[in-house]
Amino acid sequence: MYRIDQQVFNDNFLSGKDNHFSHKSKNKLYSIFPFTSSTNDKIVNSFDNILGAFLRMIFTLKAPKEINRDSIISKICEEVDCTPQDKVALKTIVKDLYFLDEHTLRCTGFNMFMYTASSKNDQKLSEYLVRAICDSQEVKQALEESQTKNNLLDTLVEDYLPKLEPIDNKVNYITLIPEIKANFTKDLVFLIKDKNADYNDIIALISYYYFFYTSQVIMYLNKFCNGSPDITPIYFCAEWEKTSVTRDCFTRGWKVIDSKLNTMFSHTVLLEMLNQRSDGNRYSYHDIWEEYSHSTDEDQKTIFTQVENLKKQYTTEYIEQDGFTFQAGNYEMGNIDSLIKGFFDDIMLQFESTRRSRANNAYKSSFSSFCKNNFLKRFGRCGNMLVLSEELLVLMTKVAIGDRKQVRLNELFDEFRKRGIYLDKQSQESIVEFYEKLNLIEKKSDSGDAQYVKGIL
C-alpha cells in the first residue's frame, strides 16, 4: 500500500536542531536522471570516450589502476621462450601493436576498452545508461560470447593487464519506459555480435539512446498520473532537406522537448519526496494513481491526506516565500492527479522565483547542451530542429533491419518510430532518395508496401 514514511522523510530532507529543509535528499530513493543542480559540473557534449566506462559498468568493475607498459612487456618476455634477439623484436611488436604510450593501451577489443581512462561524468552517465535502459546481463553475455583472442599475443597482453576490481552499485536508477530498454538492449546486442560493426557504431547508438530515453522520460513525467509509459511522437527531419514552420519537424519536434526541460529538476524533487518509504517499493505518478484508483474510500482518503499534508508542510514550513506567494487551493479535493500537479506547481514556483533558479537551470543544462551538440541543426527562422544525419540514418537503418536481408519500406519506418524517430511524408521521401543513391531500394511498385530496403552490411 502506498504510504509516505514521515520518519524516513525527516531523516533524508531535514537537518539540524531547526529541522532545516534541503531539496537534496541524503539518501536518494528515487533516481530518475544523472544530473545535478551544481553550476560547477562540467557539461558533457560528446560520448567519444564513454565506451570504456560503459563496458566496465556492464561488468560492474572499477576503473583500472595505472597501466605500466614496460612492466607488462617485461613479464610477457619472461613468459616467452625465445632468443635474446627475438625478445628485442617481440618488445617492439608488442609496444607498437598494443600501446599508444607508456600508460595507454591501443584498443583492439572490448576487453581493451575497459582499460581506457574515463571522466567522472562518463562514469556517472554510464551508470545511468546501464541501470535505467540496459539489460546488463543480456549485454554481458553477448560481450563474453563475442570475445575471441586472435593470437597468442592478445592472450599474453590481456593476462598481464592489472585486474579490475568489482564496484558496488551506487545508484539504482528507475526504468520508467521499459519498451526503450528492450529496444536498446536488442540493438546493442546486435551491434556487439555484428562483425561488420565498429566501436564508433556502438558509441553512436549509446549516444542516441541517451537522448531518446531521457527526452521520452521528460515527456512522460509531464503527463503526471494520466501518463502511460508509451513513446511520445517526436519528429525529426533529414539534415539535408529544406524545412518550414508548418512541418511536423517544427511543430512536433525539438520545441516540444525544449519546452519541458525546465521541469526536470522539479519532477526529480517531487518524486523523491513522494517516495520516502522504508520498504524499498518505488512509485511513479502513474503508480500512485493506479493504487489510489483501486483502493477503498478509506485508503484513498489516507493517501490523499498524506500527500496533501506534505504539500502544506512544503509551502508553510520548508520554503520561505521571499518575493512570491504560493497559490492557495491549486488542486481539486479528492483528485490525486490534481493534488500532485498542484504540489509540482508549488515546487516550480519557488524555483522560478528565488535564487534557486540557478540550480534549476544548471540541472537541465547538461542534457540541453548535449542535444544541441549532437542532434540539432539550426534552420533559419525555424530555429533548432532534430535532424537525422547520414551517419545516424545509416546506423538506425542497420539496427532496425537487423539480421534480415530486407524489409518493407513502411515496416522500416515503423521500426524507426519504435526507436523514437518520427518522420513526416516529406522527410520520408528525402530518406527514400538517400536510400536510392546507396542502391538500397528494391521496387516492386511505387507504393510503400511494395518497396523494400536492403540490409546494410
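Visitor: What makes α6 and α10 roughly perpendicular to each other?
Guide: In this predicted model, helix α6 (residues 120–133) and helix α10 (residues 199–221) pack at an angle of about 65°, with their axes 11 Å apart. Angles of 65 to 115 degrees count as roughly perpendicular, under 35 as roughly parallel, over 145 as roughly antiparallel and the rest as oblique; α6 and α10 are therefore roughly perpendicular. Local features need pLDDT of at least 70, side-chain atom pairs count only at pLDDT 80 or more, and totals for chains, interfaces and linings use all residues. Residues are numbered from 1 along each chain as its sequence is written, and side-chain values use heavy atoms, without hydrogens and water.

Visitor: Which residues of α6 and α10 meet?
Guide: Contact means heavy atoms within 4.5 Å. Leu125, Tyr128, Leu129, Ala132 and Ile133 in α6 meet Ile206, Tyr209, Tyr210, Tyr213 and Thr214 in α10. These divide into nine nonpolar, one polar and no charged.

Visitor: Why is α3 called oblique to α4?
Guide: Helix α3 (residues 69–79) and helix α4 (residues 84–98) pack at about 135°, with their axes 10 Å apart. That angle makes α3 oblique to α4. Arg69, Ile73, Ile76 and Cys77 of α3 make the contact with Lys87, Leu90, Lys91, Val94 and Lys95 of α4. By class, this contact has five nonpolar, no polar and four charged residues.

Visitor: What span is expected of helix α9, and what does it reach?
Guide: The expected span is 1.5 Å times one less than the number of residues. Helix α9 (residues 178–193) has 16 residues and reaches 23 Å from its first C-alpha to its last, close to the 22 Å expected.

Definitions and conventions. Helices (H or I, at least four residues) and strands (E, at least two) are DSSP runs, numbered from the N terminus. Axes are lines fitted to C-alpha atoms, for helices over the stretch in contact, and angles run from 0 to 180 degrees between N-to-C directions. Ala, Val, Leu, Ile, Met, Phe, Trp, Tyr, Cys and Pro count as nonpolar, Asp, Glu, Lys and Arg as charged, and the others, Gly among them, as polar.
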